[in-house]
Amino acid sequence: MQTLESFDFENKRALIRVDFNVPLNEKLEVTDDTRIIAALPTINYILDNGGSVVLISHLGRPKNGPEHKFSLSHIGQTLSDAVGTDVEFVDDCIGKEAFAASSALSPGEVLLLENLRFYKEETEGDDGFARQLAQHGDVYINDAFGTAHRAHASTTIIAQFMADKMFGKLMMEEVKSGNKVLESAQHPYTAIIGGAKVSSKISVITNILDKIDNLIIGGGMAYTFIKATGGQIGSSLVEEDHLDTARNILSEAKSKGVRVVLPEDSVVASDFDNDAEKKIVSSDQIEDGWMGLDVGPLATTAYEDVIAKSKTILWNGPVGVFEMSSFAEGTKALGQMIASSPGYSLVGGGDSVAAVKKFGLEKSMSYVSTGGGALLELLEGKTLPGIAAIQE
Ligand code: AMP
């Protein structure tokens, strides 16, 4: 397989599929530049080695062609500031003007093309569209881990039209971190799976059960497990149609010798509201009209012991409604424990990353993934099409 380091970029145009699907506010300003910053190592490497760069990405989910609010022009300034050079922008990703701009690039220059999803051919994985995109570069680099689980034209199909193709530095890091917790984890190994729904995490849990020693289940999904074992959960979140799933996971864990940690106590509230009346009760004795919105102090204490002894920690999903300050304590305490653990920690999957950022713990984690769905699919043991396309 080719790598950035094995390729000579001198006078070459590198077409990089990045994931600039960043959040914008109402004024269409970038509110979180994490994904832009994460693409810099690859961009800078190519510029430093005599090449030029053409960036392609999607932004949001435009339905019917071009839509101003989804234009990548909104990130142009943030990108220019991050790269430290003026990035040229063309308001199309194929077509005369776009091809004129990419073929006129000199070494050291960077071009950003318009949102790929303004063409429905992108998500359809259209061959012809991919073939056109391929003309923008002498070499194709996939650095878009966030969309690696999609077989789209620019993430997967395009690879067959490029003789030279490779992963970018971000993609390499993401895959390396994923493999670390899937294939070469040191023990004791603890997985913390939280969030709202059991249904979205079943495949991940099933795939990692063979590899882990401890499974901490928190967040809204914990109450389906507690109900499944006979607990009284009041008005807490529950997926009735997954009570059997929960029982099966628990018995499978038992047969594999995995210790499952459910929250012994919970912070319950009278309403799904930051100002609602709240109290701490045993998680299996929640009265009707009360709902568990955070793990309680006994649960947090139990985590301390497990986390302190772990050499590998995988964290996906908050253990409470951390967006509301009244129910953020459990997730914050857990995050702090992971951050101060000397073990290897991988945090990923949307909301736990948001929690880590909210509590300022990002730099203390071993790795914070930029992929939500992509990381989940990797952890489920699936082959991601964007990764397979380069490896083939
Ligand atoms: P997920 O996308 O499945 O990882 O779920 C993340 C969401 O779960 C966050 O927005 C949390 O607010 C929410 N969540 C965590 N704990 C609870 C809970 N006990 N009850 C309801 N929602 C929760």
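Analyst: H1 gives the most to the lining of the largest pocket: 4 residues. This helix spans 34–48. The model is a predicted one. Three other elements also supply at least two residues each to that lining: helix H6 (169–182), helix H12 (351–358) and strand S17 (367–368).

The largest pocket holds about 630 Å³ of space. Its lining counts 26 residues, and closest to the centre are Thr-34, Lys-357, Val-368, Ser-369 and Thr-370. By class, the lining of the largest pocket has 10 nonpolar residues, 9 polar ones and 7 charged ones.

Now the ligand. Which pocket does the ligand sit in? It is the second largest pocket. Around the ligand there are 15 residues. Ala-196, Lys-201, Gly-292, Glu-323 and Asp-351 come nearest. The shell divides into 6 nonpolar, 5 polar and 4 charged residues.

At Gly-292, a backbone N or O atom lies 2.9 Å from a ligand nitrogen. At Gly-220, a polar backbone atom is 3.1 Å from a nitrogen atom of the ligand. Asp-351 uses its side chain: an N or O atom there is 3.4 Å from an oxygen atom of the ligand. On its own, the ligand has 510 Å² of accessible area, and the protein covers 81% of that.

Terms used. Residues are numbered from 1 along each chain as its sequence is written. This is a predicted model: local features need pLDDT of at least 70, side-chain atom pairs count only at pLDDT 80 or more; totals for chains, interfaces and linings use all residues. Side-chain values use heavy atoms; hydrogens and water are left out. A residue is near a molecule or strand if one of its heavy atoms lies within 4 Å of it. A polar contact is a pair of N or O atoms within 3.5 Å; within protein, one must be able to donate a hydrogen and the other to accept it, and residues adjacent in sequence count only if both atoms are side-chain atoms. Accessible areas come from the Shrake-Rupley method with a 1.4 Å probe; for residues, only the protein chains shown count as cover. On a 1 Å grid over the protein atoms alone, a cavity is a set of points where a 1.4 Å probe fits but cannot get out, and a pocket is an open set with protein on both sides within 12 Å along at least five of seven lines; lining residues have an atom within 4 Å of a point. A molecule sits in a cavity or pocket if more than half of its atoms lie within 2 Å of its grid points. Ala, Val, Leu, Ile, Met, Phe, Trp, Tyr, Cys and Pro count as nonpolar, Asp, Glu, Lys and Arg as charged, and the others, Gly among them, as polar. Grid points are joined across faces, edges and corners, and a volume is the space filled by probe spheres set on the points.
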